[in-house]
Amino acid sequence: MYQQEPAPLYLKLQNAIQSAVDSKMLTHGNTLPSERLMSDVLGISRVTVVKALAELKDIGLLVKKQGRGNQVNQPVLYNLAGGGFSSQLQHKGVVSNRWLVRELVNANETLTLKLELSKADESVAKIKRVRLLDQIPVSIETLFIPEEYLPRPDLLEGSLYAFWKECGIIPDKQQYDLSIYMPDSEEAAMLEIPRSIPLMKVGLLSRRQDGRIIEYGSAVCRSDYYKFQFEVKVG
């Protein structure tokens, strides 16, 4: 009877690292031990370790960063046309919030113009939160919403879009603008990153089908964790 030969050692190591990533024992940004240490601890040649890591780098699962070694490369893939944070990422890990602000405020001149309010000092909902994936802070979101679309911001716990769907409020058109943004010390602390790491700032303006604005704001996202995707219909 034909007996299958055992898999080569480099492939066993490659599969073990892949399984650790799939099971979230290793997550995006985690640094693997050095090639020499892995060789010593596992009792295999350094050539075997190098070959296994090279295979993982070829498929994009690992990247080698100067001065940091081999790191897991599993960024958050976020499609700007694909819905909200919670709906897109709930299948990639545990989504949670660290709430900073949930209150009604009086609109200043800028908000009155941006939200196209009928008069100044109208009441609008302000929500600000740190978005987390598997307890890792990945973005800070700040939104302003006319009061009629979120009269009790203090009661919002999870997805704003899920709440709106229950209320029959559906965003129809969304306008985005993207820019590179350097965090201040407070933002860096909230995202648990050095101030030297640039962020991607995503501005957002959403309208209902009747043209009325239902939200205006921005999210500052960790550039080392997000990978933005666009889908554009040509013609």
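Between helix 2 and helix 3, the residues Glu35, Arg36, Met38 and Ser39 of the former meet Arg46, Val49, Val50 and Leu53 of the latter, contact being heavy atoms within 4.5 Å. The model is predicted, so that local features need pLDDT of at least 70 and side-chain atom pairs pLDDT 80 or more, whereas totals for chains, interfaces and linings use all residues. Residues are numbered from 1 along each chain as its sequence is written, and side-chain values use heavy atoms, without hydrogens and water.

The axes of helix 2 (residues 35-42) and helix 3 (residues 46-58) come within 9 Å and cross at roughly 120°. Helix 2 is therefore oblique to helix 3 (angles under 35 degrees are roughly parallel, over 145 roughly antiparallel, 65 to 115 roughly perpendicular and the rest oblique). The crossing of helix 2 and helix 3 is right-handed.

Tyrosine 161 and tryptophan 164 form a stacked aromatic pair, 5.7 Å centre to centre with 15° between the planes; ring centres must lie within 6.5 Å, with planes under 30 degrees apart for stacked, over 60 for edge-to-face and the rest tilted. Both residues belong to helix 6 (residues 160-167), 3 residues apart and thus separated by about one helical turn. Their accessibilities are tabulated below (buried is under 20% relative accessible area, exposed over 50%, partly exposed in between, with a 1.4 Å probe and protein chains only).

| Residue | State | Relative accessible area |
|---|---|---|
| Tyrosine 161 | partly exposed | 24% |
| Tryptophan 164 | buried | 0% |

Lysine 51 lies over the face of tyrosine 10, at 4.6 Å from the ring centre (NZ of Lys or CZ of Arg within 6 Å of the ring centre and within 35 degrees of the ring normal).

Note on methods
Phe/Tyr/Trp six-rings, centres within 6.5 Å; stacked < 30°, edge-to-face > 60°. Helix = DSSP H or I, 4+ residues; strand = E, 2+ residues; numbered from the N terminus. Axes fitted to C-alpha atoms, helices over the stretch in contact; angles between N-to-C directions. Left-handed = near helix turned anticlockwise from the far one by under 90°.
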